[in-house]
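Hi everyone, thanks for coming. Let's have a look at this one together.

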Amino acid sequence: MENKLKIYNTLTRKVEQFIPNEEGKVGMYTCGPTVYHFAHIGNLRSYIMEDLLEKTLRYIGYDVKRVMNITDVGHLSSDADTGEDKMLKGAKREHKTVMEIAKFYTDAFFADCADLNIKTPDVVESATNCISEFIHMIEGLLEKGFAYESGGNIYFDTSKLKEYYVLSNHSEEELLVGVRDDVDEDGNKRNKTDFVLWFTKSKFEDQELKWESPWGLGYPGWHIECSCISMKHLGEYMDIHCGGVDNIFPHHTNEIAQSEAYLGHKWCNYWVHVHHLNDKAGKMSKSKGEFLTVSLLKSRGYDPKVYRLFCLQSHYRKPLEFSFDALDNARAAYEKLVKRIGGLGKEGEVDREKAELYRQKFQAALCDDLNSSMALTVLYDMLKEEMSDATKYALAEDFDKVLSLDLTTAYAAMEAEAGGGVDAAMESYILEKIEERKAAKKEKNFARADEIRAELLEKGIVLEDTREGVKWKKA
Ligand code: AMP
Ligand code: ZN
C-alpha cells in the first residue's frame, strides 16, 4: 500500500513519488477560508480536490492527520499586506462585529462542505485562537535576526534568506504582483518583498480586534497563522501543504520563508496547488461577476454533488471553466450514473478477483497525480463489465469512499425528492398554506403566520425562510 502515490510538487516542479516523513503516516495542512463572506464555488473547487487527495491517501492505507486554519484576522484586501482587513470589510458591510461575521461564515463554509461531501479536517483552528503562539514565533524570528521593527510594525526580512523565491521563479512572481497589487508601497519595509508579521500601525484606525504584544497593541499578519497553526498540530516536519494556485505567491512563499528561518531546517516536502475555476470573464472572485455559491446552485435545483462531479471530471492542475451549460451536462451524467447504480440488484456473489482488479485500476488512476477523470472512467468501465450486480454494487460503494458522490444512496434520495416525500394532495395543501402565510405576513398578521407554521409542523412539515424564499421539508 505504501509509496504508491505520484503527485506534482510545486516545489520541484515535477510529478514525484510521494514518500512521507514517517512510514504509513501523513501530516497534511490546508489553507482554510477567510470567513468574511460565503465561499464561492471556485474556492470550493480547491477544497473538493484537497478532499480527494486526503481520501486517496486514506484509501491507499495512510493514517492521515489533516489540519486547517480559519482566517478570521489579518488577511488584507491585497495579499501583499495592503488595503483593508477583509474581516473588517465584511463586518462593516453587514453592520455586525468581526466575531459575528466570523462565526456566521465559518458555519456557512462547513454547511457548504457538508453539501459537497467534503470531510471536515481532523483539526480546525481559528487564527484568533492562537495569538500567543504567533507572538512566540515572531519573538523567535526577531531573536534569530530574521525580523525587524519599523514604524511600529514587525517585518520579516527577506534579504536574510539564501533564497526567497522557492516556489516559482522571480519573473512569474513579479508578474503576479503586478496583476494583483493595489499597492501603496509601504515605506517601512527595508526590501520590497518583506512582509508584515505583526501590525501595530494600522492604516485604518478602527481595526476591531487587537491584542497586547511586546511591540504594542496590534494584530498578526496573515502568513504567520498558517506556519504557526500547522507547526502547533503537525510538528516541525510536514508532508503536504495545499491551497489554490493564487496562494503560491506571496502566501506560501512567505510561509516557507518564516517557517524555515524559524526552524533552521526544511519544513514541508510536498506543495500541492489546485488551479482555478474561471468563468467566461476570467478568475472567479467574490467581488466581480455573478457570486456563485452552493446555495445559489441549490436554489437553481442543482444537487451540490453535481458540482462535485463536475470538478472530478477534470484534472486539478488544469484551469476549469464554469458555465451552467457545462453544469447541466454534469447533472445529466450524475443522474444517469446514480440511476444505473440505484438499479443494481444486491443478489449474487461478490466476485473477489474481479473486484480486486477494479480496485487496483481505480487506485492506479488516483495515484497517477490524482487523475480523477480516469478514476471515473474506471467506474464506468466497471459498470459495463460482465459481472454480478453484487460485485458492481460493492465496488461502487468502495469507490465512493474517495469520490464521495453518494453513488449508492443518491437514487433513493432522488426518488423521494421527486415527490418531496409527500403525495400530490399534501404538496398542494402545503403550497396553499405557504401562500396564505405570505399574505398574512404582508398584512402584518404575524400571529396568523405563526399559526400556519404550527399547523404545518403538526403535520410533520417544517418551513424555512431563506434568501431565495420560503422552503419546506419533512420534519
Ligand atoms: P480565501 O477564502 O480567499 O482565503 O480562499 C480559500 C481558498 O480558495 C484558497 O485555497 C484559494 O487559493 C482558493 N481559491 C480562490 N479563488 C479560487 C478559484 N477561482 N478557483 C479555485 N480556488 C480558488
Ligand atoms: Zn495559509
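A word on terms to begin: helices (H or I, at least four residues) and strands (E, at least two) are DSSP runs, numbered from the N terminus. Please keep in mind that this is a predicted model, where local features need pLDDT of at least 70, side-chain atom pairs count only at pLDDT 80 or more, and totals for chains, interfaces and linings use all residues. Residues are numbered from 1 along each chain as its sequence is written, and side-chain values use heavy atoms, with hydrogens and water left out.

Let's start with strand 1, residues 6-9: Ile7 and Asn9 make up its covered face, Lys6 and Tyr8 its uncovered one. Strand 1 runs antiparallel to strand 2 (residues 14-17), joined by four bridges; two strands pair if DSSP finds at least two bridges between them. Across from Lys6 you'll find Gln17 in strand 2. The hairpin has four residues between these strands, and Arg13 there takes a positive phi near 55°.

Now the open sheet: five strands in the order 7-4-3-12-13, with parallel pairing. Its edges are strand 7 (123-126) and strand 13 (268-274), each pairing on one side only. Strand 4 (residues 63-70) and strand 7 run parallel and share four bridges, with Glu125 in strand 7 as the bridge partner of Asn69.

Finally, what does Ile240 touch? With contact meaning heavy atoms within 4.5 Å, and not counting residues up to four places away in sequence, its contacts include Phe18, Leu53, Leu57 and Tyr270. Thanks, all!

How values were computed: Chains lettered and ligands numbered in written order. Buried < 20%, exposed > 50% of the residue type's maximum accessible area, 1.4 Å probe, protein only.
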